[in-house]
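Please open the model in a viewer and keep the selection panel at hand.

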Amino acid sequence: MAEDSDLEKTESASARRLEQAREEGQVPHSRELATFISLMVGVAALYVLGRWGGHRMMELVRSGLNFERQKAFEPEGMQQVLAQLATDGLLTIAPLLLASVVAALVTPFLMGGWVFSTSALKFDLTRLDPLQGLGRMFSTHGLAELVKATLKSVLVASVGVWVVWRERDHLFSLMLQPLATSMDDFASLVLLSALLIVGSLAVIAAIDVPFQLWEYHRRLRMTKDELRQEMKEQEGDPQIKARIRAAQREMSRRRMMSNVPTADVVVTNPTHYAVALKYDPDRAGAPIVVAKGADVVAGKIRELAREHNVPILEAPPLARALFAHCELEQQIPAALYTVVAEVMAWVFQLNHWIAEGGLPPDVPGALAVPEGMDPGPGEPAP
């Protein structure tokens, strides 16, 4: 579909997309870098061990051709000689083989690291589709591989021709030298040629590594729809999350409203704010805010208070201070102890009057709120 085309994939791959690709065995890798490092390690090993290895192999050849005539007619004896020569030969080339293995194991760490995945082993019929095969051949990746192969061949051939042409007189002079001397000189020429060829491959690797990294991230680019879908899967659908938060707020509001009938007093603004207080000496040393709200919620708190005969006190400065500085199920701040104590004293007198009769207590007026506690009249806080 059009929305899934490469032209639509304008977003960089997310961390999750890169992780999934790695789990599937897709990591950036450069064959040219692996070839360069392997050859460089091999040439370095030959440079360090070449003279020793050459003399060692010559000794093995001499010892292999020098044996007693009687052993030629003893198959078991010849087998032992052959086994010993084979063992010595393997031990001689073992450092070179070990260096090559280490290079092959270390090279993946330079780009994508080691990856163990069985995804590539799964049977997939689409890999047998000839049309897809042709598409891969004429894709950007296929053309890049063709350019690299051509460039590599030209470089290696050019280096080889240049070395032979430059050393042509030296090569012809080897025929006039003693065998040992000529072999040493010839080995030096071979080593020089190998170093130059490996150096030319370094140029290819330096070009190929950035290209492979760019190609890898280009293949994993995502469309905006894919990115949004992934964010929904990881963080949840915003609409669903909003509904969940709304449901949680509603449940919290219902729990809060269920505490209003148990409150000792409700302090109001009288219209904007309402804060329900409860004093339980066994629970806390100061009154606790069991419910609070603004506007519609404040009206619901006042309505429930009237239904359950909870005293309502109109004290705008105190209501604003309690609403601004108190949290649900928390004690009132110490700065409001004195003024709230006056309110609770009035509540106790009111309850006593209701129970015993007599003269009703005077409603507290002009309650003094400490400076800085009253945010002042205005719109309710959200």
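Which side chains meet in a salt bridge with 3.0 Å from N to O? Select Glu-32 and Lys-152, whose side chains form that contact. A salt bridge here is a side-chain nitrogen of Lys or Arg within 4 Å of a carboxyl oxygen of Asp or Glu.

Before continuing, note that this is a predicted model, in which local features need pLDDT of at least 70 and side-chain atom pairs count only at pLDDT 80 or more, while totals for chains, interfaces and linings use all residues. Residues are numbered from 1 along each chain as its sequence is written, and side-chain values use heavy atoms, with hydrogens and water left out.

**Salt bridges**

Helices (H or I, at least four residues) and strands (E, at least two) are DSSP runs, numbered from the N terminus. Glu-32 is buried because its relative accessible area is 7%, whereas Lys-152, at 27%, is partly exposed. Buried means under 20% relative accessible area, exposed over 50%, and partly exposed in between (1.4 Å probe, protein chains only).

The whole structure holds 3 salt bridges. Next, select Asp-88 and Arg-56, which form a salt bridge with the closest N and O atoms 4.0 Å apart. This pair also connects distant parts of the chain, with Asp-88 in helix H3 and Arg-56 in helix H2, 32 residues apart. Asp-88 is buried at 15% relative accessibility, and Arg-56 is partly exposed at 32%.

Then move to Glu-215 and Arg-218, whose side chains meet in a salt bridge of 2.9 Å, N to O. These two residues lie 3 residues apart in helix H7, so they are separated by about one helical turn. Glu-215 is buried at 2% relative accessibility.

**Aromatic pairs**

Rings of Phe, Tyr and Trp (its six-membered ring) pair if their centres lie within 6.5 Å; planes under 30 degrees apart count as stacked, over 60 as edge-to-face and the rest as tilted. By this rule there are 2 aromatic pairs. Select Phe-211 and Trp-214, a tilted pair with 6.0 Å centre to centre and 35° between the planes. Both lie in helix H7 (residues 179-219), 3 residues apart. Phe-211 is partly exposed at 22% relative accessibility, as is Trp-214 at 47%.

Now select Tyr-273 and Phe-323, a tilted pair at 4.7 Å centre to centre with 45° between the planes. Tyr-273 belongs to strand S2 (residues 273-278) and Phe-323 to helix H11 (residues 316-325), 50 residues apart. Tyr-273 is buried at 6% relative accessibility, and Phe-323 is buried at 12%.

A charge sits over a ring if NZ of Lys or CZ of Arg is within 6 Å of the ring centre and within 35 degrees of the ring normal. Arg-168 lies over the face of Trp-165, at 4.0 Å from the ring centre.

**Loop residues**

Where is Asn-309 found? Select the loop between helix H10 (296-307) and strand S4 (312-314), which contains Asn-309. Its phi is near 60°, a positive value in a residue other than glycine. Asn-309 is exposed, at 69% relative accessibility.
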